[in-house]
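Here's a quick tour of a protein model, picked apart piece by piece. Have a look at it first, then read on.

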Amino acid sequence: MTEQLSLWSLIADATILVQFVMLLLFVASIISWVMIVQRGLYLRTASRNLRQFEDNFWSGVDLNELYHDSGNQTTAEGLTSVFRAGFREFNRLTQQSSADPEAVMEGTERSMRVALSREEEKLNRSLPFLASVASVSPYIGLFGTVWGIMNAFRGLANVQQATLATVAPGISEALIATAMGLFAAIPAVLAYNRYSASADSVFSGYETFAEEFSSILHRRVHSN
Amino acid sequence: MLASRFVSFSIAILVSLALHSFVIYLLVSHWGPEKSLRKAAPPKYVQAKLVQLEEKAKPKPKPKSKPKPKPKAKPKPKPKPKAKPKPKPKAKPKVKPKAKPKPKAKPKVKPKPEPKPEPDSQKMQQDLASALAAEEEFLVAENDEQLASSYSAYIFDRVAGNWNRPPSARRGMEVQLSIQLVPTGQLISVSIVKSSGNAAFDRSAEQAVHKAGRFEKLQELPPRVFEQYFRQLHLVFRPEDLRL
């Protein structure tokens, strides 16, 4: 053990299981970072779109105009799609002469609820993955470490005079697994907490808007 | 919408990969400050060589430049029984190659400024040759010693690894064994030269040597070095690490 311990040799000399654990954690870390960045971008654009749309909506623009400006249904995102779903349903129902105001409002609200839950799903997508990485990867790393230390000590049993130098490399390589577990877990925990909070706030913005919009439509239905 | 999702995903993947490769690069390139510490440990040999170079440089230019000062090499055989090859890091038993005869210790070069009228070139040549020979011998001896010390470290490790100290071992005890080896590395006999006064302790030391049994690596040694240092070997056992 006269040559210096390089990180690479530590990893390469580890047992298959420990190596597997390290690989798993590394992949988990990469994927969770992909999620972190992607979710971060998505949530930022979502909250920006929310603010933009609300500004636009309350600027006194005509609702029909807004509906036509907001593009088609497939490209609508976030609050736009909630608005479009509600407004389209409202128009369809009011054009049927037989419809009474209560039924119109009920149908409109239902279709907005559907759009809302779709948006909620989009906001929370892949947050569960981050949560799993955050909670499980320390355990996986710990498992790798315990296994590695177990092996180190088993090897020690055959030696008559145990010195620190005989166990040190084994323990050192085993500890890498824990380090990797923590490395994967910490950003995932932070990102999960942050993103679930901001997804909640964006979604409550959607909900508030849906309520306000339905109150506007309600007024319109009853004024006719 | 699909396109924008694709873009955001590819950005995310790129960022993630870049971040991980950066972390890996940091870890690999700056792994541990202990590198330098480790390297610093074994430079004993370098020193010895430096000394030898210096001496070599001295006698050479002298005869050429002026015929007057005559370098006279006086190799003084100084049998210096070098005690124990230095305290090894956590040394328990000390391996002591018996009576290390350091045959030629530093050929002393004495320039004598005796003014001689005629340049006695023949004698000078002879002197030079003998000085060189002494030099050579000194070098070989130095080399042998290095070799021997590394192999005695090996023997020491083997024996230390097999040594189980009895519970009655106390600090300050010391048993000296003399062991005989043959060039195959096989152990021929072990005898106690100086007992510690504690029979169990003496026995444990003897057993450690017996358990180590055969020192295969000694086969690699040139026979000359083996005869000089390892045919008969003295080992000193001390339970230094015990806190009793």
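What pattern does chain A follow, read along the sequence? The answer is α-α-α-α-α-α-α. Keep in mind that this is a predicted model, where local features need pLDDT of at least 70, side-chain atom pairs count only at pLDDT 80 or more, and totals for chains, interfaces and linings use all residues. Residues are numbered from 1 along each chain as its sequence is written, chains are lettered from A and ligands numbered from 1 in the order in which they are written, and side-chain values use heavy atoms, leaving out hydrogens and water.

**Chain A overall**

- Chain A has seven helices and zero strands (DSSP runs numbered from the N terminus: H or I of at least four residues for helices, E of at least two for strands).
- Of the 224 residues in chain A, 43% are buried (under 20% relative accessible area with a 1.4 Å probe, protein chains only; over 50% is exposed, and in between is partly exposed).
- Take the contacts (heavy atoms within 4.5 Å) in chain A between residues at least 6 apart in sequence: 80% of them join residues at least 24 apart.

- You'll find A:R39 in helix α2 (residues 16-57) of chain A.
- A:R39 counts as buried because its relative accessibility is 3%.
- Leaving aside residues up to four places away in sequence, A:R39 touches A:K122, A:L123, A:N124, A:R125, A:S126 and A:Y195.
- A polar atom of the A:R39 side chain sits 3.4 Å from the backbone oxygen of A:R125.

**A:S126, a residue in a loop**

- A:S126 belongs to the loop between α5 (101-124) and α6 (127-156) of chain A.
- A:S126 has a relative accessible area of 15%, so it is buried.
- Most residues other than glycine have a negative phi.
- A:S126 has a positive phi, near 65°, and isn't a glycine.

**Two helices crossing in chain B**

- The axes (lines fitted to C-alpha atoms over the stretch in contact, with angles from 0 to 180 degrees between N-to-C directions) of α5 (residues 121-161) and α7 (residues 223-230) of chain B come within 10 Å and cross at roughly 65°.
- That angle makes α5(B) roughly perpendicular to α7(B) (65 to 115 degrees; under 35 is roughly parallel, over 145 roughly antiparallel, and the rest oblique).
- Residues meeting here include B:Y151 and B:I155 from α5(B), and B:V225 and B:F230 from α7(B).

Definitions and conventions: A polar contact is a pair of N or O atoms within 3.5 Å; within protein, one must be able to donate a hydrogen and the other to accept it, and residues adjacent in sequence count only if both atoms are side-chain atoms.
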